[in-house]
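Please keep the sequence and the coordinates in view while reading.

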Amino acid sequence: MAQNFIPVEYATGHAGWRFINVRDNERIRSEMETAALVWFGIAGGAFAFAVSLLFQRYVRKAPQAMQSRGSFAMFAAIMVLFAIGAVVAGIAANGG
């Protein structure tokens, strides 16, 4: 079985070096891809929520959105910033 020499901290969270099996390396890589998918899902949800808030405020002109003055738009802007941060976290979780 092929082995790679990688830092143990990358594989287990503890400092040091050791040999690991290629299968272990693939498992670690798939866990990182899962974390990235979670972050991208959070980003998509936050962006969709921001779009729905803006839609209620400026297109549908819902009474509660009109009475709130700028709070719907401000919260939508905050959600867009959160979505951008989640995309950055997803990219970082994927190792890029």
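Over the protein chain the pLDDT averages 80, and 66% of the residues score at least 70. Among the elements of the chain, the lowest mean pLDDT, 52, belongs to helix H1 (residues 8-12), while H4 has the highest, 94. Where pLDDT is low, the predicted coordinates should not be read in detail.

The secondary structure comes next. The protein chain contains four helices and two strands, and along the sequence these elements follow the pattern β-α-β-α-α-α.

Burial and contacts describe how the chain is arranged. Of its 96 residues, 21% count as buried. The chain exposes about 6,600 Å², of which carbon and sulfur atoms supply 65%. When contacts between residues at least 6 apart in sequence are considered, 35% of them join residues at least 24 apart.

In soluble globular proteins, nonpolar side chains tend to be buried together. Here the largest nonpolar core comprises nine residues: Ala46, Ala50, Leu53, Ala62, Ala65, Phe72, Ala76, Met79 and Ala83. Two or more residues of this core come from each of helix H2 (22-59) and helix H4 (71-93). The greatest contribution is that of H4, which gives four residues.

Apart from its neighbours within four places in sequence, Ala83 is in contact with Ala43, Ala46 and Phe47.

Definitions and conventions
Residues numbered from 1 in each chain as written. Heavy atoms only, no water. Buried < 20%, exposed > 50% of the residue type's maximum accessible area, 1.4 Å probe, protein only. Contact = heavy atoms within 4.5 Å. Areas by Shrake-Rupley, 256 points an atom, 1.4 Å probe, with all protein chains shown as cover. Core = buried A, V, L, I, M, F, W, Y, C linked by side-chain atoms within 4.5 Å. pLDDT = per-residue confidence, 0-100.
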